[in-house]
Amino acid sequence: MTSLRSVTVDLGGLSSSTGILDYLVRDDAHCWIRHGAGLVAFGEAARFTSSGPDRFSDAAEWWRRTARAAEVDNPLSAPGTGLVAFGSFAFSKTSAYESRLIVPRIVVGADESGAWLTLISDDGGAELTADAARAELAGWLEEVSPEHGPDGADTLHPGQVSEEAYMAAVAAGVERIAGGGLTKLVLARDLVADLSSPIATAQVLRELAARYHDCWTYSVDGLIGSTPEMLIKVEDNVARARVLAGTLDRANTHKIEGESDAAYAERVLAGSEKQQHEHEIAIDSLTRKLQPYTSAMTSHSEPFVLELPNVWHLASDVSADLALDGGRTPSSLELAEAVHPTAAVCGSPTEAAGDLIRELEQMDRGPYAGPVGWTDGAGNGEWGIALRGAVVETPTRVRLYAGCGIVEASTPEAELAETWAKFRPMIESLGLRR
Ligand SMILES: C=C(O[C@@H]1C=C(C(=O)O)C=C[C@H]1O)C(=O)O
């Protein structure tokens, strides 16, 4: 087993108003960014991969042992300081995608109270000092990735699931829901972008982070995007989640004369029985799965309308005090396993919906709709749901994914249109047109 050592340096604060985004200058960066704060990291000191039904528990166990064995010099105790790993997990236990945890070599972190730098080494002889950490970062920042403008030769085409196949799957899903046995099913499809020059990943991510500042912008080993949905965040002994379900396209509105955006979203989204039903199923699923690990839990009785540049969502924020079990509270990774997949990306009941996804969707979701994020040595971490994103399969080929919750009142045409609204952040940040 690799034995890791790390040193964390207190940087005080970041000077510029763009915050951590200033460091997102290389296409090979790992990142997790929201509101100008978060983590940007480079290099790889260690990696763990897993697959199948035990992919989460194997990774959690490896991380626990790695963190315990590591020599950590960290004067700060905040979440995200000290040893960290970025990770991405396959949606399904049957996926060919390898779930992974990656420990970077150098991490720049920032939160509301300050900024820090962590140098991590798998070399027992390396010198771990504040100067060595600064020199390592400077080395990575010496070479920045090129930017480029939109290119008319880039193309966007159907992936494994055509529009027709998607609508047929939605129609079949509605029929199965009407027949009983399940109440909600999430069906997704993919698009392939073929680029005439290698993807400028850092530029794409900076654009996503700037426009979708209320979302979590992620990049982990070729999985990139900006998700509005927080599966589970653990900070000290408190867990939080943001559950989304219920969507309204902002590009195609049918407002009454004089009606404001907010009033329209309230009326059409919050006022829709179908959307409220979809949301209720998702929030019930999360709170039911999280409950056994908590001593107290709070969430609003009614969802709120979350406004993003592309869509409005019905959203609920959940906060819970974690319960002690065997002298400790569960780690963010253990909780991600416990709550994944929620009804927001799978359906309800979970097992029946999962089986039906495999039958009707006819594609491997890979890391799409699986947990993506980071964890630290103390078990804190943030695991978003990998939505509104893409997998960089080769430097010039990118696969985009989007899906929708299907309930009995769903129609194939409306769900297909909703997938286009959900593809929009990636399509636009790649400089593509539909
Ligand atoms: C499945 C996706 O999004 C999920 C489905 C939603 C819905 O059906 O209303 C809303 C947010 C997400 O929970 C996606 O973006 O691909």
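**Notes on a predicted model: helices, loops and buried spots**

1. Start with helix 3 (residues 163-178) and helix 9 (residues 412-429), whose axes come within 9 Å and cross at roughly 125 degrees. That angle makes helix 3 oblique to helix 9. The crossing of helix 3 past helix 9 is right-handed. Keep in mind as you look that this is a predicted model.

2. Which residues bring these two helices together? On the helix 3 side they are Glu 163, Tyr 166, Met 167, Val 170 and Ala 171, and they meet Pro 412, Glu 415 and Leu 416 in helix 9. Sorted by class, this contact of helix 3 with helix 9 has six nonpolar residues, two charged ones and no polar ones. If you wonder about the spacing of such residues along a helix, an α-helix has 3.6 residues a turn, so residues three or four places apart point the same way.

3. Helix 3 has another partner worth a look. The axes of helix 3 and helix 8 come within 10 Å and cross at roughly 145 degrees, and here too the crossing is right-handed. The contact of helix 3 with helix 8 divides into four nonpolar residues, one polar and two charged.

4. Now a word on the annotation. The UniProt record, an unreviewed entry, has a domain named "Chorismate-utilising enzyme C-terminal" that covers residues 163-422. In the model, this span of residues 163-422 is 33% helix and 35% strand.

5. Is helix 4 (residues 201-211) enclosed or open? Eight of its eleven residues are buried, so helix 4 is largely enclosed by the rest of the structure. You can find the buried ones by name: Thr 201, Ala 202, Gln 203, Val 204, Leu 205, Arg 206, Leu 208 and Ala 209. What covers these buried residues of helix 4 includes strand 2 (30-34), strand 12 (216-220), strand 13 (223-227), strand 22 (389-394) and helix 9. You have already met helix 9, as a partner of helix 3.

6. Most residues other than glycine have a negative phi, and most peptide bonds are trans. With that in mind, look at the bond between His 340 and Pro 341, which is cis with an omega of about -5 degrees. Pro 341 sits in the loop between helix 7 (332-339) and strand 19 (347-348). Another cis bond runs from Ser 348 to Pro 349, with omega near -5 degrees. Pro 349 belongs to the loop between strand 19 and helix 8 (350-361).

7. Two positive phi values deserve a check as well. Asp 236 is not a glycine, yet its phi is positive, about 55 degrees. You will find Asp 236 in the loop between strand 14 (230-235) and strand 15 (238-249). Asp 236 counts as partly exposed because it has 13 C-beta neighbours inside 10 Å. Gln 362, also a residue other than glycine, has a positive phi near 60 degrees. The loop that holds Gln 362 runs between helix 8 and strand 20 (371-376). Gln 362 is partly exposed, with 13 other C-beta atoms within 10 Å.

8. Where is Ile 120? It lies in strand 9 (residues 114-121). Ile 120 counts as buried because it has 29 C-beta neighbours inside 10 Å. Leaving out residues up to four places away in sequence, Ile 120 touches Leu 4, Ser 6, Ala 45, Leu 83, Val 103, Pro 104 and Arg 105. Ile 120 and Ala 133 are 13 residues apart in sequence, and their C-alpha atoms are 8.6 Å apart.

9. Finish with Pro 79, in the loop between strand 5 (71-73) and strand 6 (84-88). Pro 79 is buried, with 22 other C-beta atoms within 10 Å. How many residues separate Pro 79 from Val 234 in sequence? The count is 155, while from C-alpha to C-alpha Pro 79 and Val 234 are 8.7 Å apart. Apart from its neighbours within four places in sequence, Pro 79 is in contact with Glu 235, Asp 376 and Asn 380.

Note on methods
Residues are numbered from 1 along each chain as its sequence is written. This is a predicted model: local features need pLDDT of at least 70, side-chain atom pairs count only at pLDDT 80 or more; totals for chains, interfaces and linings use all residues. Axes are lines fitted to C-alpha atoms, for helices over the stretch in contact, and angles run from 0 to 180 degrees between N-to-C directions. Helices (H or I, at least four residues) and strands (E, at least two) are DSSP runs, numbered from the N terminus. Angles under 35 degrees count as roughly parallel, over 145 as roughly antiparallel, 65 to 115 as roughly perpendicular and the rest as oblique. A crossing is left-handed if the near helix is turned anticlockwise from the far one by less than a right angle, and right-handed if clockwise. Two residues are in contact if their C-beta atoms, placed from the backbone, lie within 7 Å. Ala, Val, Leu, Ile, Met, Phe, Trp, Tyr, Cys and Pro count as nonpolar, Asp, Glu, Lys and Arg as charged, and the others, Gly among them, as polar. UniProt positions are given in the numbering used here, feature names are shortened, and annotations may be inferred rather than shown by experiment. A residue is buried if 20 or more other C-beta atoms lie within 10 Å of its own, exposed if 12 or fewer, and partly exposed in between; C-beta atoms are placed from the backbone.
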